[in-house]
Number of protein chains: 2
Amino acid sequence: MIKSMDSHVLLSPSKRISLPSGDVLRGVKTTDAGFIGFGEAYFSYIHYQEVKAWKLHKRYTANYTCPLGQIKIVILKSLASGQPDFADAQEFILSEESSNYQRLTIPPGVWYGFKGLAQPSSLIFSLLSGEHSPDEQESFDFQQSAYNWE
Amino acid sequence: MIKSMDSHVLLSPSKRISLPSGDVLRGVKTTDAGFIGFGEAYFSYIHYQEVKAWKLHKRYTANYTCPLGQIKIVILKSLASGQPDFADAQEFILSEESSNYQRLTIPPGVWYGFKGLAQPSSLIFSLLSGEHSPDEQESFDFQQSAYNWE
């Protein structure tokens, strides 16, 4: 059931259970591949065509699902300088649709970013293995990079 | 910051941080009041005017937020028989609105249920202290109870 997309990033099919009063969508549980510990769970709305990038966790593993709308997640490797390497991008689509409802696990040391693909907004669910801490993460302004988000 | 609504249920104000590309909404973190451990995180859509009730966890603590729409959560005590006690209901409104973005912590042994108040659907975020297990929870069909959900 689990596909390893490279030596680190894991894309795991997840379940959307259809119910007349409203569907149930799995998030993360302790026995899931890719779960290494719980620190914090939070949400980010991302408006249509907006980009939130680039971000890197130094120590934390992150798990993402998209329970509303559809998003693109772009994964980059880190250069020896620590900067993102735009030559080797991998793109993933996460969506609320049961046919494509999946969870993406991103290990530490990987740069990544999001784009909103659904109108008016999509919701990104994030589960980190530790609590938010400014010294644990790095950011790189996507407007300073030539990455083509189309 | 934390209000104790009775000896058990906790209603905690939570943060919705406004951002041009899409807001960030807090969920649960390990140092939050009401967090006692992580087992599973999942989502339930609930359509407008629909009810999902009644449910009781025997051993798990549950934390809920509403990152989309608005829901009513009704909390009941348990009779000596183990059945829900409809005489002593407490009602809480959780919503995505920053003015009312809150987290409700429900301890084990408490019956509760949900109603969707927003069109077309609301999203309920659930974080349980253990993984889903049929022998850990009980249910009572809300259509068999006289509780007035209006």
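Which residue is the bridge partner of A:Leu25 in β5(B)? The structure examined here is a predicted model, in which local features need pLDDT of at least 70 and side-chain atom pairs count only at pLDDT 80 or more, while totals for chains, interfaces and linings use all residues. Residues are numbered from 1 along each chain as its sequence is written, and chains are lettered from A and ligands numbered from 1 in the order in which they are written.

The partner of A:Leu25 is B:Phe43. Strand β4 of chain A (residues 24-29) pairs with β5(B) in the antiparallel sense over 5 bridges; strands are DSSP runs of E with at least two residues, numbered from the N terminus, and pairing requires at least two DSSP bridges between two strands. Across the two chains, 30 residues of chain B are in contact with 30 residues of chain A (C-beta atoms, placed from the backbone, within 7 Å). On the side of chain B that touches chain A, β5(B) gives the largest share, 8 residues.

Within chain B, 5 strands form an open sheet in the order β9-β8-β11-β6-β13, with antiparallel pairing. At its edges lie β9 and β13 (137-139), each of which pairs on one side only.

A closer look at one pair follows. Strands β8 (residues 70-78) and β9 (residues 84-95) of chain B run antiparallel and are joined by 8 bridges. B:Ile73 stands opposite B:Phe92, and B:Lys77 has B:Asp85 as its bridge partner. The two strands form a hairpin with 5 residues between them, and B:Gly82 in the turn has a positive phi of about 95°.

How values were computed:
Helix = DSSP H or I, 4+ residues; strand = E, 2+ residues; numbered from the N terminus.
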